[in-house]
Number of protein chains: 2
Amino acid sequence: MNANQPFQQDSLCPHDRRVSCANCRLNSICLPISLHIEDIDKLNQIIQRGKPLQKGDYLYRANDPFDSVFAVRSGAVKALTISDKGEEQVTGFYLPGEVVGLDGISENRYTNSVIALETSSICEIPFHRMEELSLKIPNLQRHFFQLMSREITQDQQMIILLSKSSAEERIASLLLSISNRNNRRQLSATAFRLPMSRTDIGNFLGLTIETVSRIFSRLQQQQIIEADKKEIRIINIEELHKTANGGDACHS
Amino acid sequence: MNANQPFQQDSLCPHDRRVSCANCRLNSICLPISLHIEDIDKLNQIIQRGKPLQKGDYLYRANDPFDSVFAVRSGAVKALTISDKGEEQVTGFYLPGEVVGLDGISENRYTNSVIALETSSICEIPFHRMEELSLKIPNLQRHFFQLMSREITQDQQMIILLSKSSAEERIASLLLSISNRNNRRQLSATAFRLPMSRTDIGNFLGLTIETVSRIFSRLQQQQIIEADKKEIRIINIEELHKTANGGDACHS
DNA sequence: GTAAATAGTTGACGTGAATCAAAAGATCCT
DNA sequence: AGGATCTTTTGATTCACGTCAACTATTTAC
(Lines give C-alpha, C1' and ligand atoms only; values in the text may rest on other atoms or scores of the structure.)
Protein backbone atom coordinates (compact mmCIF):
# COMPACT_ATOMS: atom_id res chain seq x y z
CA MET A 1 0.00 0.00 0.00
CA ASN A 2 1.22 3.44 -0.90
CA ALA A 3 1.89 5.36 2.30
CA ASN A 4 0.48 8.50 0.72
CA GLN A 5 -2.82 6.81 0.23
CA PRO A 6 -5.27 7.11 3.07
CA PHE A 7 -5.97 3.98 5.04
CA GLN A 8 -9.05 2.26 3.94
CA GLN A 9 -10.96 3.38 7.00
CA ASP A 10 -10.16 6.99 6.38
CA SER A 11 -12.17 6.80 3.23
CA LEU A 12 -15.24 5.26 4.83
CA CYS A 13 -18.27 7.24 3.88
CA PRO A 14 -19.56 9.38 6.75
CA HIS A 15 -22.52 7.12 7.35
CA ASP A 16 -20.46 3.96 7.64
CA ARG A 17 -21.07 2.48 11.04
CA ARG A 18 -17.70 0.74 11.12
CA VAL A 19 -15.95 4.04 11.83
CA SER A 20 -14.20 4.11 15.21
CA CYS A 21 -13.18 7.01 17.43
CA ALA A 22 -9.52 6.30 16.74
CA ASN A 23 -9.85 7.00 13.04
CA CYS A 24 -12.75 9.46 13.07
CA ARG A 25 -11.81 12.69 11.36
CA LEU A 26 -13.74 14.58 14.03
CA ASN A 27 -11.94 13.23 17.07
CA SER A 28 -9.92 16.40 17.48
CA ILE A 29 -13.20 18.28 17.93
CA CYS A 30 -15.29 15.69 19.69
CA LEU A 31 -12.45 14.49 21.94
CA PRO A 32 -10.00 17.37 22.14
CA ILE A 33 -8.03 15.69 24.88
CA SER A 34 -5.00 13.54 25.20
CA LEU A 35 -6.42 10.10 25.72
CA HIS A 36 -4.07 7.17 25.44
CA ILE A 37 -4.81 4.94 22.53
CA GLU A 38 -6.10 2.20 24.82
CA ASP A 39 -8.40 4.70 26.54
CA ILE A 40 -9.80 5.81 23.21
CA ASP A 41 -10.43 2.17 22.51
CA LYS A 42 -12.32 1.73 25.80
CA LEU A 43 -14.44 4.75 25.00
CA ASN A 44 -14.97 3.49 21.48
CA GLN A 45 -16.32 0.23 22.82
CA ILE A 46 -19.19 1.86 24.71
CA ILE A 47 -20.22 4.11 21.83
CA GLN A 48 -23.14 2.94 19.75
CA ARG A 49 -23.63 3.96 16.16
CA GLY A 50 -27.18 3.65 14.96
CA LYS A 51 -28.42 3.95 11.43
CA PRO A 52 -28.51 7.50 10.09
CA LEU A 53 -31.42 9.77 10.89
CA GLN A 54 -33.38 11.18 7.98
CA LYS A 55 -34.41 14.83 7.80
CA GLY A 56 -37.19 15.46 10.30
CA ASP A 57 -36.48 12.31 12.37
CA TYR A 58 -36.31 12.75 16.11
CA LEU A 59 -33.13 11.73 17.90
CA TYR A 60 -35.08 11.98 21.15
CA ARG A 61 -38.04 13.88 22.50
CA ALA A 62 -38.42 16.20 25.47
CA ASN A 63 -39.33 14.20 28.59
CA ASP A 64 -37.88 10.97 27.26
CA PRO A 65 -35.84 9.32 30.00
CA PHE A 66 -32.22 10.35 29.80
CA ASP A 67 -29.76 7.60 28.94
CA SER A 68 -27.19 8.96 26.56
CA VAL A 69 -25.53 11.99 25.13
CA PHE A 70 -24.95 12.09 21.39
CA ALA A 71 -22.16 13.29 19.13
CA VAL A 72 -23.10 14.39 15.65
CA ARG A 73 -20.84 12.60 13.16
CA SER A 74 -22.33 13.98 9.96
CA GLY A 75 -25.28 16.13 9.02
CA ALA A 76 -26.85 18.57 11.49
CA VAL A 77 -29.55 18.61 14.14
CA LYS A 78 -31.58 21.21 15.99
CA ALA A 79 -32.63 21.14 19.64
CA LEU A 80 -35.94 22.67 20.60
CA THR A 81 -38.38 22.89 23.47
CA ILE A 82 -42.11 23.21 23.30
CA SER A 83 -43.60 25.95 25.45
CA ASP A 84 -46.75 25.56 27.52
CA LYS A 85 -48.66 27.08 24.67
CA GLY A 86 -47.31 24.56 22.17
CA GLU A 87 -44.90 26.92 20.45
CA GLU A 88 -41.51 25.65 19.40
CA GLN A 89 -38.38 27.37 20.58
CA VAL A 90 -35.14 26.30 18.91
CA THR A 91 -32.40 26.28 21.54
CA GLY A 92 -29.45 25.26 19.41
CA PHE A 93 -28.00 23.85 16.23
CA TYR A 94 -25.42 21.08 16.45
CA LEU A 95 -22.91 20.35 13.67
CA PRO A 96 -20.51 17.42 13.21
CA GLY A 97 -18.19 16.93 16.18
CA GLU A 98 -20.60 18.64 18.58
CA VAL A 99 -22.34 16.95 21.49
CA VAL A 100 -26.04 17.22 22.29
CA GLY A 101 -28.11 15.94 25.21
CA LEU A 102 -26.13 17.37 28.11
CA ASP A 103 -29.24 19.13 29.37
CA GLY A 104 -30.81 15.79 30.28
CA ILE A 105 -28.42 14.91 33.08
CA SER A 106 -29.83 17.00 35.90
CA GLU A 107 -33.45 15.90 35.66
CA ASN A 108 -32.77 12.44 34.29
CA ARG A 109 -34.92 13.26 31.30
CA TYR A 110 -34.31 15.41 28.27
CA THR A 111 -35.63 18.95 28.41
CA ASN A 112 -35.30 19.41 24.64
CA SER A 113 -36.32 17.44 21.60
CA VAL A 114 -33.67 16.96 18.95
CA ILE A 115 -34.54 16.69 15.26
CA ALA A 116 -32.33 16.01 12.25
CA LEU A 117 -32.10 18.95 9.83
CA GLU A 118 -30.73 16.63 7.13
CA THR A 119 -29.54 13.04 6.90
CA SER A 120 -27.29 12.68 9.94
CA SER A 121 -25.13 10.02 11.56
CA ILE A 122 -24.99 10.06 15.30
CA CYS A 123 -22.72 8.43 17.88
CA GLU A 124 -24.60 7.50 21.04
CA ILE A 125 -22.64 7.66 24.28
CA PRO A 126 -24.47 5.84 27.10
CA PHE A 127 -24.01 8.30 29.89
CA HIS A 128 -23.82 5.98 32.86
CA ARG A 129 -21.21 3.80 31.21
CA MET A 130 -19.29 6.94 30.33
CA GLU A 131 -19.54 8.03 33.98
CA GLU A 132 -18.11 4.73 35.17
CA LEU A 133 -15.34 4.95 32.63
CA SER A 134 -14.63 8.53 33.76
CA LEU A 135 -13.81 7.29 37.23
CA LYS A 136 -10.97 5.27 35.73
CA ILE A 137 -9.83 7.74 33.06
CA PRO A 138 -9.31 11.16 34.68
CA ASN A 139 -8.85 12.79 31.30
CA LEU A 140 -12.25 11.58 30.23
CA GLN A 141 -13.87 13.06 33.32
CA ARG A 142 -12.05 16.26 32.62
CA HIS A 143 -13.24 16.19 29.04
CA PHE A 144 -16.88 15.94 30.00
CA PHE A 145 -16.57 18.74 32.52
CA GLN A 146 -15.08 20.83 29.74
CA LEU A 147 -17.76 19.87 27.24
CA MET A 148 -20.46 20.92 29.66
CA SER A 149 -18.65 24.09 30.59
CA ARG A 150 -18.39 24.97 26.91
CA GLU A 151 -22.12 24.48 26.50
CA ILE A 152 -22.67 26.85 29.43
CA THR A 153 -20.36 29.45 27.93
CA GLN A 154 -22.08 29.22 24.58
CA ASP A 155 -25.54 29.47 26.08
CA GLN A 156 -24.43 32.55 27.98
CA GLN A 157 -23.10 34.12 24.80
CA MET A 158 -26.49 33.42 23.31
CA ILE A 159 -28.13 35.18 26.26
CA ILE A 160 -25.97 38.22 25.61
CA LEU A 161 -26.78 38.13 21.91
CA LEU A 162 -30.52 38.01 22.53
CA SER A 163 -30.41 40.53 25.31
CA LYS A 164 -28.35 43.21 23.63
CA SER A 165 -28.29 42.84 19.87
CA SER A 166 -30.35 44.02 16.94
CA ALA A 167 -31.76 41.69 14.31
CA GLU A 168 -28.86 42.47 12.00
CA GLU A 169 -26.29 41.76 14.71
CA ARG A 170 -27.95 38.46 15.58
CA ILE A 171 -27.92 37.17 12.03
CA ALA A 172 -24.37 38.32 11.37
CA SER A 173 -23.31 36.54 14.58
CA LEU A 174 -25.03 33.33 13.57
CA LEU A 175 -23.36 33.35 10.17
CA LEU A 176 -19.97 33.92 11.80
CA SER A 177 -20.63 31.15 14.30
CA ILE A 178 -21.37 28.67 11.53
CA SER A 179 -18.39 29.92 9.60
CA ASN A 180 -16.08 29.31 12.57
CA ARG A 181 -17.47 25.90 13.26
CA ASN A 182 -17.01 24.91 9.62
CA ASN A 183 -13.49 26.21 9.74
CA ARG A 184 -12.67 23.99 12.73
CA ARG A 185 -13.71 21.05 10.60
CA GLN A 186 -11.37 22.08 7.79
CA LEU A 187 -14.25 23.30 5.67
CA SER A 188 -14.51 26.63 3.97
CA ALA A 189 -15.19 29.51 6.34
CA THR A 190 -16.60 31.65 3.56
CA ALA A 191 -18.78 29.35 1.46
CA PHE A 192 -21.16 26.87 2.96
CA ARG A 193 -24.68 25.55 2.99
CA LEU A 194 -26.90 26.42 5.93
CA PRO A 195 -28.51 23.22 7.17
CA MET A 196 -31.49 25.04 8.70
CA SER A 197 -34.46 26.89 7.25
CA ARG A 198 -35.14 30.60 7.60
CA THR A 199 -37.94 29.67 9.94
CA ASP A 200 -35.50 27.82 12.22
CA ILE A 201 -33.09 30.73 12.12
CA GLY A 202 -35.82 33.16 13.08
CA ASN A 203 -37.08 30.91 15.82
CA PHE A 204 -33.57 30.45 17.21
CA LEU A 205 -32.72 34.16 17.11
CA GLY A 206 -36.07 35.42 18.39
CA LEU A 207 -36.99 37.04 15.07
CA THR A 208 -39.82 36.56 12.63
CA ILE A 209 -39.15 34.88 9.33
CA GLU A 210 -39.93 38.13 7.52
CA THR A 211 -37.24 39.97 9.45
CA VAL A 212 -34.72 37.21 8.76
CA SER A 213 -35.51 37.42 5.08
CA ARG A 214 -35.18 41.18 5.02
CA ILE A 215 -31.82 41.11 6.80
CA PHE A 216 -30.46 38.52 4.38
CA SER A 217 -31.54 40.77 1.52
CA ARG A 218 -29.97 43.80 3.14
CA LEU A 219 -26.64 42.04 3.80
CA GLN A 220 -26.68 40.99 0.18
CA GLN A 221 -27.34 44.53 -1.04
CA GLN A 222 -24.44 45.72 1.09
CA GLN A 223 -22.17 43.22 -0.69
CA ILE A 224 -21.38 41.53 2.61
CA ILE A 225 -22.76 38.12 1.71
CA GLU A 226 -24.18 36.33 -1.29
CA ALA A 227 -27.16 34.16 -0.39
CA ASP A 228 -28.74 31.80 -2.87
CA LYS A 229 -31.30 29.97 -0.83
CA LYS A 230 -29.30 28.04 1.73
CA GLU A 231 -25.98 28.47 -0.04
CA ILE A 232 -24.05 31.28 1.62
CA ARG A 233 -20.89 33.01 0.47
CA ILE A 234 -19.33 35.52 2.81
CA ILE A 235 -17.88 38.19 0.54
CA ASN A 236 -16.68 40.69 3.12
CA ILE A 237 -15.99 38.91 6.39
CA GLU A 238 -14.40 42.05 7.83
CA GLU A 239 -17.63 43.95 7.40
CA LEU A 240 -19.67 41.00 8.68
CA HIS A 241 -17.69 41.13 11.91
CA LYS A 242 -18.39 44.84 12.19
CA THR A 243 -22.07 44.21 11.62
CA ALA A 244 -22.11 41.52 14.29
CA ASN A 245 -20.54 43.87 16.80
CA GLY A 246 -22.86 46.78 16.31
CA GLY A 247 -21.50 48.03 13.01
CA ASP A 248 -20.36 51.49 12.11
CA ALA A 249 -23.64 53.10 13.02
CA CYS A 250 -23.13 51.97 16.59
CA HIS A 251 -26.24 52.90 18.47
CA SER A 252 -25.82 50.99 21.69
CA MET B 1 -27.38 18.41 76.13
CA ASN B 2 -31.03 18.31 75.25
CA ALA B 3 -31.45 16.30 72.06
CA ASN B 4 -34.18 18.66 70.91
CA GLN B 5 -31.84 21.60 71.05
CA PRO B 6 -29.88 22.30 67.93
CA PHE B 7 -26.18 21.69 68.05
CA GLN B 8 -24.24 24.78 68.77
CA GLN B 9 -23.01 24.98 65.22
CA ASP B 10 -26.52 25.16 63.87
CA SER B 11 -26.85 28.56 65.37
CA LEU B 12 -23.65 29.97 63.92
CA CYS B 13 -24.28 33.23 62.18
CA PRO B 14 -24.20 32.94 58.40
CA HIS B 15 -20.82 34.64 58.10
CA ASP B 16 -19.15 32.37 60.63
CA ARG B 17 -16.29 30.64 58.90
CA ARG B 18 -16.38 27.67 61.27
CA VAL B 19 -19.50 26.34 59.54
CA SER B 20 -18.98 22.94 57.87
CA CYS B 21 -20.82 21.24 55.02
CA ALA B 22 -22.21 18.64 57.42
CA ASN B 23 -24.14 21.20 59.44
CA CYS B 24 -24.76 23.84 56.78
CA ARG B 25 -28.44 24.57 56.41
CA LEU B 26 -27.95 24.81 52.65
CA ASN B 27 -26.45 21.40 52.08
CA SER B 28 -29.69 20.00 50.74
CA ILE B 29 -29.51 22.61 47.97
CA CYS B 30 -25.80 22.85 47.44
CA LEU B 31 -25.20 19.10 47.75
CA PRO B 32 -28.51 17.44 46.93
CA ILE B 33 -27.00 14.01 46.83
CA SER B 34 -26.50 11.11 49.12
CA LEU B 35 -22.93 11.41 50.22
CA HIS B 36 -21.78 9.30 53.11
CA ILE B 37 -20.88 11.28 56.15
CA GLU B 38 -17.19 10.53 55.67
CA ASP B 39 -17.41 11.68 52.05
CA ILE B 40 -19.03 14.94 53.12
CA ASP B 41 -16.15 15.32 55.51
CA LYS B 42 -13.58 14.82 52.74
CA LEU B 43 -15.35 17.42 50.64
CA ASN B 44 -15.56 19.74 53.61
CA GLN B 45 -11.82 19.51 54.06
CA ILE B 46 -11.02 20.92 50.64
CA ILE B 47 -13.52 23.76 50.86
CA GLN B 48 -12.13 27.16 51.80
CA ARG B 49 -14.19 29.83 53.45
CA GLY B 50 -12.81 33.31 53.02
CA LYS B 51 -13.93 36.43 54.78
CA PRO B 52 -17.27 37.80 53.59
CA LEU B 53 -17.40 39.96 50.48
CA GLN B 54 -18.81 43.45 50.84
CA LYS B 55 -21.28 44.91 48.39
CA GLY B 56 -19.51 45.70 45.13
CA ASP B 57 -16.50 43.45 45.87
CA TYR B 58 -15.38 41.15 43.09
CA LEU B 59 -15.30 37.43 43.77
CA TYR B 60 -13.25 37.06 40.58
CA ARG B 61 -12.86 38.88 37.29
CA ALA B 62 -13.30 37.75 33.72
CA ASN B 63 -10.04 36.33 32.36
CA ASP B 64 -8.69 35.50 35.81
CA PRO B 65 -7.19 32.02 35.72
CA PHE B 66 -9.74 29.43 36.72
CA ASP B 67 -9.03 27.60 39.97
CA SER B 68 -12.25 27.18 41.86
CA VAL B 69 -15.99 27.17 41.72
CA PHE B 70 -17.87 28.95 44.47
CA ALA B 71 -21.01 28.26 46.46
CA VAL B 72 -22.89 31.23 47.85
CA ARG B 73 -23.53 30.66 51.56
CA SER B 74 -25.27 33.95 52.33
CA GLY B 75 -25.99 37.16 50.48
CA ALA B 76 -26.20 37.29 46.71
CA VAL B 77 -23.90 37.86 43.73
CA LYS B 78 -24.28 38.74 40.07
CA ALA B 79 -22.24 37.38 37.16
CA LEU B 80 -21.55 39.63 34.22
CA THR B 81 -19.43 39.89 31.12
CA ILE B 82 -18.04 43.00 29.52
CA SER B 83 -18.62 43.28 25.79
CA ASP B 84 -16.04 44.50 23.32
CA LYS B 85 -17.54 47.94 23.61
CA GLY B 86 -17.19 47.98 27.39
CA GLU B 87 -20.86 47.44 28.16
CA GLU B 88 -21.84 45.20 31.03
CA GLN B 89 -24.15 42.29 30.47
CA VAL B 90 -25.46 40.56 33.57
CA THR B 91 -25.61 36.82 32.88
CA GLY B 92 -27.04 35.60 36.17
CA PHE B 93 -27.89 36.15 39.81
CA TYR B 94 -26.78 33.57 42.37
CA LEU B 95 -28.48 33.14 45.74
CA PRO B 96 -27.45 31.08 48.80
CA GLY B 97 -26.92 27.42 47.97
CA GLU B 98 -26.17 28.14 44.32
CA VAL B 99 -22.85 27.54 42.60
CA VAL B 100 -21.06 30.01 40.37
CA GLY B 101 -17.91 29.74 38.27
CA LEU B 102 -18.74 26.65 36.22
CA ASP B 103 -18.21 28.62 33.02
CA GLY B 104 -14.47 28.82 33.73
CA ILE B 105 -13.72 25.14 33.30
CA SER B 106 -13.58 24.89 29.54
CA GLU B 107 -11.16 27.73 28.86
CA ASN B 108 -9.30 27.49 32.15
CA ARG B 109 -10.19 31.09 32.85
CA TYR B 110 -13.40 32.73 33.92
CA THR B 111 -15.55 34.21 31.17
CA ASN B 112 -17.61 36.26 33.64
CA SER B 113 -16.83 38.58 36.50
CA VAL B 114 -18.75 37.99 39.71
CA ILE B 115 -19.65 40.85 42.05
CA ALA B 116 -21.37 40.82 45.45
CA LEU B 117 -24.77 42.50 45.48
CA GLU B 118 -24.68 42.68 49.26
CA THR B 119 -22.48 41.33 52.05
CA SER B 120 -21.98 37.70 51.09
CA SER B 121 -20.21 34.63 52.45
CA ILE B 122 -18.77 32.30 49.89
CA CYS B 123 -17.43 28.74 50.00
CA GLU B 124 -14.55 28.21 47.61
CA ILE B 125 -14.21 24.76 46.07
CA PRO B 126 -10.81 24.27 44.45
CA PHE B 127 -11.81 22.59 41.24
CA HIS B 128 -8.84 20.35 40.63
CA ARG B 129 -8.97 18.93 44.14
CA MET B 130 -12.70 18.39 43.67
CA GLU B 131 -11.95 16.60 40.39
CA GLU B 132 -9.49 14.27 42.12
CA LEU B 133 -11.98 13.61 44.87
CA SER B 134 -14.65 12.90 42.26
CA LEU B 135 -12.61 10.03 40.92
CA LYS B 136 -12.94 8.36 44.31
CA ILE B 137 -16.51 9.41 45.15
CA PRO B 138 -18.79 8.53 42.23
CA ASN B 139 -21.68 10.43 43.79
CA LEU B 140 -19.61 13.58 43.86
CA GLN B 141 -18.77 13.22 40.18
CA ARG B 142 -22.44 12.69 39.50
CA HIS B 143 -23.30 15.75 41.54
CA PHE B 144 -21.05 18.01 39.53
CA PHE B 145 -22.38 16.67 36.26
CA GLN B 146 -25.86 17.46 37.54
CA LEU B 147 -24.91 20.92 38.75
CA MET B 148 -23.50 21.78 35.35
CA SER B 149 -26.45 20.27 33.57
CA ARG B 150 -28.79 22.37 35.69
CA GLU B 151 -26.87 25.49 34.75
CA ILE B 152 -27.29 24.52 31.07
CA THR B 153 -31.02 23.98 31.51
CA GLN B 154 -31.42 27.31 33.28
CA ASP B 155 -29.43 29.17 30.66
CA GLN B 156 -31.60 27.62 27.97
CA GLN B 157 -34.74 28.71 29.77
CA MET B 158 -33.26 32.17 29.84
CA ILE B 159 -32.68 31.96 26.08
CA ILE B 160 -36.33 31.09 25.60
CA LEU B 161 -37.40 33.92 27.86
CA LEU B 162 -35.34 36.48 25.98
CA SER B 163 -36.25 35.12 22.60
CA LYS B 164 -39.98 34.90 23.02
CA SER B 165 -41.27 37.05 25.85
CA SER B 166 -42.44 40.62 26.33
CA ALA B 167 -41.02 42.94 28.96
CA GLU B 168 -43.92 42.13 31.29
CA GLU B 169 -43.44 38.38 30.91
CA ARG B 170 -39.72 38.67 31.58
CA ILE B 171 -40.15 40.57 34.80
CA ALA B 172 -42.95 38.33 36.03
CA SER B 173 -40.73 35.32 35.31
CA LEU B 174 -37.81 36.80 37.21
CA LEU B 175 -39.98 37.51 40.24
CA LEU B 176 -41.32 33.95 40.17
CA SER B 177 -37.81 32.56 39.81
CA ILE B 178 -36.64 34.44 42.89
CA SER B 179 -39.78 33.42 44.72
CA ASN B 180 -39.14 29.73 43.96
CA ARG B 181 -35.52 29.91 44.95
CA ASN B 182 -36.44 31.56 48.24
CA ASN B 183 -39.03 28.91 48.82
CA ARG B 184 -36.42 26.15 48.42
CA ARG B 185 -34.50 27.80 51.22
CA GLN B 186 -37.53 27.76 53.51
CA LEU B 187 -38.04 31.48 53.10
CA SER B 188 -41.26 33.21 52.16
CA ALA B 189 -42.24 32.75 48.54
CA THR B 190 -44.43 35.86 48.60
CA ALA B 191 -42.48 38.49 50.52
CA PHE B 192 -38.80 39.10 49.99
CA ARG B 193 -36.15 41.67 49.30
CA LEU B 194 -34.64 41.81 45.85
CA PRO B 195 -30.87 41.86 46.24
CA MET B 196 -30.32 43.57 42.88
CA SER B 197 -31.03 47.05 41.55
CA ARG B 198 -33.52 47.91 38.81
CA THR B 199 -30.53 48.58 36.59
CA ASP B 200 -29.24 45.04 37.13
CA ILE B 201 -32.69 43.62 36.45
CA GLY B 202 -32.97 45.56 33.22
CA ASN B 203 -29.48 44.60 32.17
CA PHE B 204 -30.15 40.93 32.91
CA LEU B 205 -33.50 40.87 31.12
CA GLY B 206 -32.46 42.92 28.12
CA LEU B 207 -34.64 45.88 29.06
CA THR B 208 -33.95 49.51 29.88
CA ILE B 209 -34.29 50.68 33.44
CA GLU B 210 -37.22 52.86 32.41
CA THR B 211 -39.13 49.88 31.10
CA VAL B 212 -38.40 47.89 34.26
CA SER B 213 -39.70 50.72 36.37
CA ARG B 214 -42.86 51.09 34.29
CA ILE B 215 -43.60 47.36 34.49
CA PHE B 216 -43.18 47.35 38.26
CA SER B 217 -45.62 50.25 38.45
CA ARG B 218 -48.07 48.48 36.18
CA LEU B 219 -47.94 45.20 38.14
CA GLN B 220 -48.57 47.23 41.25
CA GLN B 221 -51.58 49.03 39.72
CA GLN B 222 -52.97 45.65 38.75
CA GLN B 223 -52.74 44.54 42.38
CA ILE B 224 -50.44 41.68 41.42
CA ILE B 225 -47.49 42.81 43.51
CA GLU B 226 -46.62 45.44 46.05
CA ALA B 227 -43.20 46.93 45.53
CA ASP B 228 -41.63 49.31 47.99
CA LYS B 229 -38.16 49.84 46.64
CA LYS B 230 -36.50 46.44 46.82
CA GLU B 231 -39.10 44.93 49.14
CA ILE B 232 -41.51 42.84 47.11
CA ARG B 233 -44.80 41.29 48.16
CA ILE B 234 -46.54 39.04 45.70
CA ILE B 235 -50.24 39.63 46.27
CA ASN B 236 -51.72 37.54 43.48
CA ILE B 237 -49.31 34.78 42.56
CA GLU B 238 -51.91 33.14 40.34
CA GLU B 239 -52.12 36.23 38.18
CA LEU B 240 -48.33 36.63 38.23
CA HIS B 241 -48.02 33.17 36.73
CA LYS B 242 -50.51 34.11 34.04
CA THR B 243 -48.57 37.26 33.31
CA ALA B 244 -45.32 35.31 33.05
CA ASN B 245 -46.87 32.92 30.53
CA GLY B 246 -48.29 35.50 28.21
CA GLY B 247 -51.26 36.53 30.30
CA ASP B 248 -54.89 36.71 29.31
CA ALA B 249 -54.31 39.00 26.37
CA CYS B 250 -52.15 36.33 24.79
CA HIS B 251 -50.71 37.86 21.67
CA SER B 252 -48.04 35.31 20.75
C1' DG C 1 -46.47 16.32 -15.10
C1' DT C 2 -49.40 18.96 -12.63
C1' DA C 3 -51.68 20.20 -8.39
C1' DA C 4 -51.04 21.21 -3.71
C1' DA C 5 -48.38 22.38 -0.05
C1' DT C 6 -44.38 24.55 1.87
C1' DA C 7 -40.71 28.01 2.12
C1' DG C 8 -39.12 32.50 1.11
C1' DT C 9 -39.50 37.44 -0.42
C1' DT C 10 -41.27 42.12 -0.34
C1' DG C 11 -44.35 46.02 0.95
C1' DA C 12 -47.55 48.78 4.00
C1' DC C 13 -48.73 49.62 8.53
C1' DG C 14 -48.98 49.28 13.73
C1' DT C 15 -46.93 48.77 18.25
C1' DG C 16 -43.92 47.75 22.23
C1' DA C 17 -40.03 49.15 24.08
C1' DA C 18 -35.99 52.40 23.45
C1' DT C 19 -34.63 57.03 23.72
C1' DC C 20 -34.79 61.63 25.37
C1' DA C 21 -35.97 64.61 29.10
C1' DA C 22 -37.02 66.14 33.65
C1' DA C 23 -37.81 65.71 38.29
C1' DA C 24 -38.24 63.31 42.78
C1' DG C 25 -36.21 60.14 46.12
C1' DA C 26 -32.30 57.64 48.25
C1' DT C 27 -27.62 57.25 49.63
C1' DC C 28 -23.00 58.83 50.29
C1' DC C 29 -19.58 61.90 51.94
C1' DT C 30 -17.42 65.53 54.62
C1' DA D 1 -26.73 68.63 58.47
C1' DG D 2 -26.40 69.59 53.63
C1' DG D 3 -24.59 69.20 49.14
C1' DA D 4 -23.42 65.73 45.65
C1' DT D 5 -24.19 61.59 43.44
C1' DC D 6 -26.80 57.76 42.22
C1' DT D 7 -31.32 55.42 41.64
C1' DT D 8 -35.99 55.38 40.42
C1' DT D 9 -40.14 57.18 38.48
C1' DT D 10 -43.02 59.28 34.91
C1' DG D 11 -44.07 61.51 30.45
C1' DA D 12 -43.36 62.58 25.34
C1' DT D 13 -41.47 61.00 21.20
C1' DT D 14 -39.16 57.78 18.02
C1' DC D 15 -37.97 53.59 15.76
C1' DA D 16 -36.98 48.66 14.98
C1' DC D 17 -39.30 44.87 14.46
C1' DG D 18 -43.79 42.46 14.41
C1' DT D 19 -48.09 41.86 11.96
C1' DC D 20 -50.87 41.46 8.00
C1' DA D 21 -51.09 40.69 3.24
C1' DA D 22 -49.91 39.52 -1.46
C1' DC D 23 -46.96 37.17 -4.32
C1' DT D 24 -43.09 33.99 -6.07
C1' DA D 25 -40.23 30.00 -5.89
C1' DT D 26 -39.44 25.41 -4.47
C1' DT D 27 -40.61 20.92 -2.87
C1' DT D 28 -43.82 17.16 -2.27
C1' DA D 29 -47.35 14.08 -3.65
C1' DC D 30 -50.21 11.60 -6.64
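**View 1. Polar contacts between chain B and chain A.** In this predicted model, 24 residue pairs are in polar contact between chain B and chain A, both partners at pLDDT 80 or more. On chain B, the side that touches chain A draws at least two residues from each of strand S5 (88-94), helix H3 (127-136), helix H4 (138-164) and helix H6 (198-205). H4(B) gives the largest share, 20 residues. Sorted by class, this side of chain B holds 18 nonpolar, 20 polar and 11 charged residues.

**View 2. Extent of the interface.** Contact involves 49 residues of chain B and 49 residues of chain A. Together the two chains bury about 4,300 Å². Carbon and sulfur atoms account for 57% of that area.

**View 3. A salt bridge across the interface.** The rule finds two salt bridges between chain B and chain A. One of the residue pairs that meet the salt-bridge criterion is A:Arg142 with B:Glu131. Their closest N and O atoms lie 2.6 Å apart.

**View 4. The four-stranded sheet of chain A.** This open sheet runs in the order S1-S8-S3-S6, with antiparallel pairing. Strand S1 (48-49) and strand S6 (99-100) of chain A are at the edges. Each has a single partner strand, so one side of each lacks a neighbour in the sheet.

**View 5. Pairing of S1(A) with S8(A).** Strand S8 of chain A spans residues 121-126. Two bridges join S8(A) to S1(A), and the two strands run antiparallel. A:Arg49 stands opposite A:Cys123, a residue of S8(A).

How values were computed: Residues are numbered from 1 along each chain as its sequence is written. Chains are lettered from A and ligands numbered from 1 in the order in which they are written. This is a predicted model: local features need pLDDT of at least 70, side-chain atom pairs count only at pLDDT 80 or more; totals for chains, interfaces and linings use all residues. Side-chain values use heavy atoms; hydrogens and water are left out. Contact means heavy atoms within 4.5 Å. Buried area is the accessible area (1.4 Å probe) that two parts lose on being put together, summed over both. A salt bridge is a side-chain nitrogen of Lys or Arg within 4 Å of a carboxyl oxygen of Asp or Glu. A polar contact is a pair of N or O atoms within 3.5 Å; within protein, one must be able to donate a hydrogen and the other to accept it, and residues adjacent in sequence count only if both atoms are side-chain atoms. Ala, Val, Leu, Ile, Met, Phe, Trp, Tyr, Cys and Pro count as nonpolar, Asp, Glu, Lys and Arg as charged, and the others, Gly among them, as polar. Two strands pair if DSSP finds at least two bridges between them.
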